[in-house]
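Visitor: I'm new to reading protein models. Could you walk me through this one, feature by feature?

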Amino acid sequence: MKKVLSVLLVLCMLLPVAALAESVDYTHEGEPAYSLTLPADWVVISKETADSLLSLGLEALGDDQLAQYATLAQQMDMVYILSADGSKNINVIAQQLGVEVEAAQLYELLSAALVAQLQQQLPGISFISEGEVVTLGENEMVRMLYSAEIGGQPMSFSQYLVPCGEYMLTVTATVGGTMDDATLASLDAIIATLAY
């Protein structure tokens, strides 16, 4: 009996170590500072590499939607995070608001305007959710779900507007094709680790 308890105790102590090996923390040092826990095989792409990739993609596809996105992305301090197989990515943009707001205020102030902006930028956009206040981890945020065709490819998006002091983090998770419930849950789980 003592041996069984000893083995169980050792296993309990090893489980957290095994769990840590499956994830990695990313910390953004800019304003505002924040961190995310990512699957260990995901990659944070440098701004220089991302800008080069956007330029190459733009040249190859020549799409007006991509041109608008590439210009915006190159002007901002955007963080690019890519899954190992390239099927999912997360982009984070910080915007200074100048005042502290709550998620419900962001929903009231920005949801309708963001829906209108997306409809203008992405003809044929289809909204699954035009915005709702959700709690992921310790943070309340606004989450929008939509799909659109970009560069001739079907894409699905889960976008999170996260109040962060006097800043708002816009976190956009993108999946090629359709986003099923399991994929949304896995992306929500990553966003739930957001700390600032």
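Guide: Helix H4 (residues 103-121) has a kink of about 45 degrees centred on leucine 110. The bend at a residue is the angle between axes fitted to the seven residues ending there and the seven starting there. Helices (H or I, at least four residues) and strands (E, at least two) are DSSP runs, numbered from the N terminus.

Visitor: And how far can I trust the picture?

Guide: It's a predicted model, where local features need pLDDT of at least 70 and side-chain atom pairs count only at pLDDT 80 or more, while totals for chains, interfaces and linings use all residues. Residues are numbered from 1 along each chain as its sequence is written, and side-chain values use heavy atoms, with hydrogens and water left out.

Visitor: Which residues of H4 are buried?

Guide: Buried means under 20% relative accessible area, exposed over 50%, and partly exposed in between (1.4 Å probe, protein chains only). In H4 the buried ones are Ala103, Leu106, Ser111, Leu114, Val115 and Leu118. An α-helix has 3.6 residues a turn, so residues three or four places apart point the same way.

Visitor: What do the buried residues of H4 pack against?

Guide: Four strands: E6 (126-136), E7 (139-150), E8 (153-164) and E9 (167-176). Contact here means heavy atoms within 4.5 Å.

Visitor: How many salt bridges does the whole structure have?

Guide: A salt bridge is a side-chain nitrogen of Lys or Arg within 4 Å of a carboxyl oxygen of Asp or Glu. The search finds two. In one, arginine 143 meets glutamate 132, with the closest N and O atoms 3.0 Å apart. That pair links E7 to E6, 11 residues apart in the chain. In the other, arginine 143 meets aspartate 188 at 2.5 Å, N to O. This one links E7 to helix H5 (residues 181-191), 45 residues apart. Shared partners join Glu132, Arg143 and Asp188 into one network.

Visitor: Are those three buried or partly exposed?

Guide: Arginine 143 is buried at 11% relative accessible area, and aspartate 188 is buried at 11% too. Glutamate 132, at 32%, is partly exposed.
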